[in-house]
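I'd like to talk about charged side chains today.

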Amino acid sequence: MATSFTLNGKPVTIEADPEMPLLWVVRETLGMTGTKFGCGIAACGACTMHVDGVATRTCVLPVADVEGLEVKTIEGVGTAQTPSAVQRAWLTHQVPQCGYCQSGMIMAAEALLDETPDPTNEDIDAAMTNICRCGTYNRVRDAIRTAATLRREG
C-alpha cells in the first residue's frame, strides 16, 4: 500500500506495509539513519521525529498514520555548516556523551522551543522525557536555555 507524506519539506510516496513503524520506513526504506531505534516501545525517545510539528515517538507509529502529514527528522533540522540554535547549544554545552539518544533529544528540544520559546526548568523537565543512559540531563537543560537565547537573538 502506498503512503504519501512530506519528509523534511519534500513529498515522498512509499510502498510499505501500512502497519510498519514510521521509524523503519525512514531508516530502512528511505535510508535516513539519523533517527535511532532505542527501546521499541516508545519509552526512551531515541526515535523522536516531528509529525506536523509535534515531537512523536515513531518506533510504534504506523506509517499509515502519517498519510498527508509533515514529518521532520534530525536530517531536516540543520546542517554541519548551518546548525540550528539547539544544535549549536548542544555543542557549546558538550551534551553528547555516547551520542546515541541525541537526535531524539534534539528533536524533543526543538519541539519544546517551538511551542514554548522561553521555557522554565519545569517546562523542560515536562517536555524532555527522553532517556539518556549517559545521564546528561543537566547539560540538556542548560543547552535548551542557551538555545532559547540564541533563537531570540536570531
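Let's start with R151, which is partly exposed, at a relative accessible area of 31%. By that I mean between the two cut-offs: buried is under 20% relative accessible area and exposed is over 50%, using a 1.4 Å probe and protein chains only.

Quick note on the model: it's predicted, so local features need pLDDT of at least 70, side-chain atom pairs count only at pLDDT 80 or more, and totals for chains, interfaces and linings use all residues. Residues are numbered from 1 along each chain as its sequence is written, and side-chain values use heavy atoms, with hydrogens and water left out.

So, what does R151 pair with? Its side chain meets D114 in a salt bridge, 2.9 Å from N to O. The term means a side-chain nitrogen of Lys or Arg within 4 Å of a carboxyl oxygen of Asp or Glu. R151 sits in helix α5 and D114 in helix α3, so this pair ties together parts 37 residues apart in sequence. Helices here are DSSP runs of H or I, at least four residues, numbered from the N terminus.

R151 also forms a salt bridge with E110, with the closest N and O atoms 2.6 Å apart. Helix α3 covers residues 102–115 and helix α5 residues 137–153, so E110 and R151 tie together parts 41 residues apart. E110 is buried, at 7%. Put together, E110, D114 and R151 are linked in a network of salt bridges.

And how many salt bridges does the structure hold? There are 5.

Definitions and conventions. Helix = DSSP H or I, 4+ residues; strand = E, 2+ residues; numbered from the N terminus.
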